[in-house]
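Visitor: I'm new to reading structures. Could you walk me through one, feature by feature?

Guide: Happy to. Let's have a look.

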Amino acid sequence: MLTIETKVEEIPRIGTAYQKKLKKLGIKTVQDLLCYFPARYNDFSNIVEINKLKNGYSACVQGKIIEIGTTRTFKKWVDITEATIEDDTGSIKALWFNQPYIDKSLKEDDFVCLAGKVSLGKGGLYLNNPAYEKINEVTDNHSLTHTGRIVPVYSETRGVTSRWLRYIIKPLLANFYNKVPEILPEEILKKHKFLPIQKALWQAHFPDSFEYADAAKARFAFENLFLLQLSILKERAKLMQKTAPACPMDAKLMREFTKSLPFQLTDSQKQCSYQILKDLEKPAPMSRLLEGDVGSGKTVVATMAALSAVKNGHQVAFMAPTEILASQHFKGISKMLEKFDVAIGYLSGKESFRYKAGKIEEVKKKDLLLDLEFGQIPMVIGTHSLIQKTVKFSKLALVIVDEQHRFGVAQRAELTKNSRLVPHLLSMTATPIPRTLALTVYGDLDLSLIKEMPKDRKKTKTVIVDPSERKTAYDFIRKEVKEGKGVFVICPKIESGSLKLEAGMTTGSFVPQNYSLISGNETKSVTQEYEKLSKEIFPDLRITMMHGKMKPKEKERIMLDFKKGEIDVLVSTSVVEVGVDVPRATVMMIEGAERFGLAQLHQFRGRVGRSDMQSYCFLFTTDPSQLNRKRLKALVDSHNGFELAQKDLEIRGPGQLYGSQQWGIPDVAMEGILNIFLVEKTRAAAKEMLEKDPELKNHLLLKERVKHFEKKIHFE
Ligand code: ADP
Ligand code: MG
């Protein structure tokens, strides 16, 4: 007996080939199939009389087959199946290309319904590759599946056609639509006038009208976001029940710290650090996202939080995504805390150091780990190595993560395995997060926003450079270098000829991993460009190259030399993308700009303009397409990360937005996520429900579904 939980393998009409294809789409059960919703619909609901057809119509006709046969054109080896059908008003031809099986399934005297485009050929009007199905002479449209109605069109991936899905889903719907349980509570259904589940399922797949299709979609979008909100808010409530080490703020100490800085904090920095320091005072674990555009000065804010925790006798772990960044933070923060007597450890996969009393020295990893475990060292900065099993803390109070996007509950637990206390979490990002995402995917985090840049900053002048002006750009670069300034040249790949792009190329932006593979053919490589620049263009300048295949030590030495002014031009891959701080650099030249997402380009640009000097960003591109022009123009016009993220969304569409694929959020929910009203509605509904029933004890079915949903999404 089939049930809604029956596995795809046990559904009689689905053979092994299709089982595999469905699995790849994440469809495992009957219920999954019923919840695989169409991407759009074709309106074939109007049956037109044959003598009313006109060229260009998208139309549906019903009639009897007078004649059908297949011929093969010998020149092109195309099978053409040709049928003539007739109704009371006239007759018309239908042509199918390379579908000879149609000839077998349709015969003379069959009644059929055909839906498709009317075209004009040598022999007059004909239906071009129409959808077809056999009907009885008297048929009501409800029994039709592929024609004669509003027909569902599914996103056809991995060899699963809409026709096949309709053929499978419709009988399943007929058998099971009333067996799928309603999980939305009565009050919610009433309040929002949602279709009940049974009706919604039918109307989502085989709607009676477009209004019904929309109503069904609205219901499922709500349902999915509601599950997401329940899951996030429940986790958060659970976390808030745990205890974190309270770190009372020492206002005097904080004033002393800010006075010791070579600059004044911006108002935003002050507000954000106050919010964070106040959170740290509470015994409930903080979960906060500190968001601020590149160069807005997040590090100093995080350092204040760290100082507060340390001076309360606790430990702090600071995690960065790459070794370059971790070591830069290690040095920068050591310096900032110089006068405050804080020992700091550094730990990456390969190296470990300790900073104490103004000196950095290499230490054995084993010793550093012991110091951390026994609380001998209050702060450690490092890469992902910090969440390895061997790293233990004695009294961890604060975890700071830079540019990780998601640092999940599980990872936080990993850091505190031998403690009943949960540390506070401060996550930092330069990625602009629209409000809708802040309330959904990041819905478990409180937000602190650095809205302004330090006052001395000038906008980086951004120019799309025409190939004919390359020389002018080079002359300009020479002039800057002669004034003692630093120049970045970014290339999309490491070696010429290889298709290998820099690993982790898209860290720090929401661009899908393979985005950069889409366009362009002649991609500049770092090695090639380095040769050219150092031999032909700037033989008199000090040029160095850097890429992800180099040893961390090597990269670090290069960055340091560049920072100190011992290198004029640094030719690099995207390894310089996130957070690298070289105030003396004033030119960012990007080759193959079409290969990078807007958010990523904005990140690159953020590598310059980090002092009071005027900086420049030169964009070179070989892709003349309108789309690319539009994207790069957006970068020229806007210096606001939020605006650029919005533009990226408009230009590229929501489909591949924000790594929805990576997160496993269903499409219907992803579309919903872009709708702030819906997001707010679902959040309010979820909050209300959890206030009354925090454990969902009175909504067991819902609880079950939330769990199921959590398994599908993976934010961490
Ligand atoms: P991000 O937010 O991108 O991580 P950083 O924290 O690396 O930015 O800061 C960028 C640079 O700006 C650093 O050199 C830092 O010392 C400097 N900086 C931070 N805050 C200020 C400020 N209020 N005024 C001037 N410079 C600042
Ligand atoms: Mg940073």
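Guide: Start with polar contacts: a polar contact is a pair of N or O atoms within 3.5 Å. Keep in mind that this is a predicted model. Here, a backbone N or O atom of Gly297 lies 3.0 Å from an oxygen atom of ligand 1.

Visitor: Which polar side-chain atoms lie 2.6 Å or 2.9 Å from an atom of ligand 1?

Guide: Thr299 has a polar side-chain atom 2.6 Å from an oxygen of ligand 1. For Gln269, a polar side-chain atom sits 2.9 Å from a nitrogen of the ligand. Taken alone, ligand 1 exposes 570 Å², and the protein buries 83% of that.

Visitor: How many residues surround ligand 1?

Guide: There are 16, and the closest are Gln264, Gly295, Lys298, Thr299 and Arg457. Sort that shell by class and you get four nonpolar, seven polar and five charged residues. As for the space ligand 1 takes up, that's the second largest pocket.

Visitor: What about disulfides: how many does a search of the whole structure find?

Guide: General idea: a disulfide is a covalent bond between the sulfur atoms of two cysteines. In this structure, the search turns up zero.

Visitor: Is Cys60 buried or exposed?

Guide: Cys60 is buried, with a relative accessible area of 0%. Cys617 is buried too, at 0%.

Methods
Residues are numbered from 1 along each chain as its sequence is written. Chains are lettered from A and ligands numbered from 1 in the order in which they are written. This is a predicted model: local features need pLDDT of at least 70, side-chain atom pairs count only at pLDDT 80 or more; totals for chains, interfaces and linings use all residues. Side-chain values use heavy atoms; hydrogens and water are left out. A residue is near a molecule or strand if one of its heavy atoms lies within 4 Å of it. A polar contact is a pair of N or O atoms within 3.5 Å; within protein, one must be able to donate a hydrogen and the other to accept it, and residues adjacent in sequence count only if both atoms are side-chain atoms. Accessible areas come from the Shrake-Rupley method with a 1.4 Å probe; for residues, only the protein chains shown count as cover. On a 1 Å grid over the protein atoms alone, a cavity is a set of points where a 1.4 Å probe fits but cannot get out, and a pocket is an open set with protein on both sides within 12 Å along at least five of seven lines; lining residues have an atom within 4 Å of a point. A molecule sits in a cavity or pocket if more than half of its atoms lie within 2 Å of its grid points. Ala, Val, Leu, Ile, Met, Phe, Trp, Tyr, Cys and Pro count as nonpolar, Asp, Glu, Lys and Arg as charged, and the others, Gly among them, as polar. A disulfide is a pair of cysteine sulfur atoms within 2.5 Å. Buried means under 20% relative accessible area, exposed over 50%, partly exposed in between (1.4 Å probe, protein chains only).
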